Amino acid sequence: MKKEDLRIIFMGTPEFAVASLKALVESGYNVVGVVTVADKPIGRHGSELQPSPVKQYALSQGLTVLQPEKLRDENFILALDALNADVQIVVAFRMLPQAVWSMPRYGCINLHASLLPQYRGAAPINHAVMNGETETGVTTFFITHDIDTGKIIKQIRIPIADDDNAGAVHDRLMTVGAALVVETVEMIINGNGNVASTPQHTDSVLHPAPKIFKETCAVNWSQPVVKVYDFIRGLSPYPAAHTEIVADSGVHITMKIFACEKLFEQHSSPPGSIRTDNKTFLDIACNDGFLRILTLQVAGKKTMSVKNFLNGNTLV
């Protein structure tokens, strides 16, 4: 089978997915259509519409784009079927109905940003870093009824350094994932549509990766330094961990924290209390030490260093 003989439908939305679509296009594969979300209203009154990063790239390459409001819509199903794809490649998209994922003859393949079966769910990168993992990776697998449970085709592993945040891991996995997508498609071509795959083994303790909400991003300072440190870097730069500190004047300041350092020392300060020289450092107490805040953001302001923050705020 030749590259041009394999008809590919690509499905995705964010920048993470663009890397895989770009890799397929630049490798000369026959992408006959791209499915992404509807344009998002932006601006003060929502009067402007912003296309997804995947749509922007697809249009720049002259690719056919489909943007269904509902994936079960009959007109969308007919339009998708008319593209006569041999395989669907899904990267960072919505859960598909069976009418969609069962359509192509060589199957529907998903790229997931974890080493399945670990970290099934919407936020695998964040949760892996939040849990202090020292390794993660990407997986290609066949989509079936239950989300992130299909047979595994191939995985690539990467290390997570102690000073990595979720953003750094995201960027590395985006690049590695794009390469794995191309490699997986090559396997389809070399096998004339037949690709070896293995069931996911779930005999070990599984760590889920559910969607993250604002209320779950609040820092619990009544924990060990390491746990709080991993929580903060696992949410950095987005959606970002947040906390509230109280100055001696009684003023409450809510802030997002993007970077910090671990300080291990015994103390009697209540968890969440602060110590600072009002000039160069801001430490927040945990149960076995402090976290020294390095980069933060308060409401209505840009991200700033702790020195710039203290230059405009007297805390003690």
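**Before you start**

This is a predicted model, in which local features need pLDDT of at least 70 and side-chain atom pairs count only at pLDDT 80 or more, while totals for chains, interfaces and linings use all residues. Residues are numbered from 1 along each chain as its sequence is written, and side-chain values use heavy atoms, with hydrogens and water left out.

**Stop 1: the whole chain**

Show everything as a cartoon. The protein chain has eight helices and 15 strands; these are DSSP runs numbered from the N terminus, with helices being H or I of at least four residues and strands being E of at least two. Its C-alpha atoms fill a box of roughly 70 × 50 × 30 Å along the principal axes. Of the 316 residues, 47% are buried, where buried means under 20% relative accessible area, exposed means over 50% and partly exposed is in between, using a 1.4 Å probe and protein chains only.

**Stop 2: the open sheet**

In what order do the seven strands of the open sheet lie? Trace them as β5-β2-β1-β6-β7-β8-β9, with mixed pairing. The edges are β5 (65-66) and β9 (152-159); each has a single partner strand, so one side of each is left without a neighbour in the sheet. Two strands pair here if DSSP finds at least two bridges between them.

Now select residues 7-12 and 30-35. These are β1 and β2, which pair in the parallel sense over five bridges. Look for Ile9, which stands opposite Gly33 in β2. Five of the six residues of β2 are buried, so this strand is largely enclosed by the rest of the structure.

**Stop 3: one glycine**

Select Gly137, found in strand β8. Is Gly137 buried or exposed? At 0% relative accessibility, Gly137 counts as buried. Leaving aside residues up to four places away in sequence, Gly137 touches His112, Ala113, Ser114, Leu115, Ile156, Arg157, Ile158 and Leu173; contact means heavy atoms within 4.5 Å. Try the distance tool too: Gly137 and Ala17 are 120 residues apart in sequence and 15 Å apart in space, C-alpha to C-alpha.

**Stop 4: two pockets**

Switch to a surface view. A pocket is an open set of points on a 1 Å grid over the protein atoms alone, where a 1.4 Å probe fits, with protein on both sides within 12 Å along at least five of seven lines; lining residues have an atom within 4 Å of a point.

The largest pocket holds about 1400 Å³ of space. It is lined by 39 residues, and the closest to its centre are Pro14, Ala92, Ala122, Ala123 and Pro124. Two or more lining residues come from each of α1 (15-26), β7, α5 (124-130) and α6.

The second largest pocket has a volume of about 240 Å³. Among its 14 lining residues, Lys214, Pro239, Ala240, His242 and Lys256 are the closest to its centre. The elements giving two or more residues to this lining are β11 (252-264) and β14 (289-298), and the largest share, three residues, comes from β11.

**Stop 5: strands around β11**

Colour β11 and its partners. β10 and β11 pair in the antiparallel sense over six bridges, with Ile245 opposite Ile253 in β11. The two form a hairpin with five residues between them, and Gly250 in the turn has a positive phi of about 95 degrees. β11 also pairs with β14, in the antiparallel sense over nine bridges; find Cys260, which stands opposite Ile293 in β14.

**Last stop: a covered helix**

Finally, select residues 225-234. How many of the ten residues of α7 are buried? Eight are, and the helix is mostly covered. They are Val225, Val228, Tyr229, Asp230, Phe231, Ile232, Arg233 and Gly234. Show what covers these buried residues, including α5, α6, β10 (241-246), β11, β13 (282-286) and β14.

Key:
Points joined across faces, edges and corners; volume = space filled by probe spheres on them.
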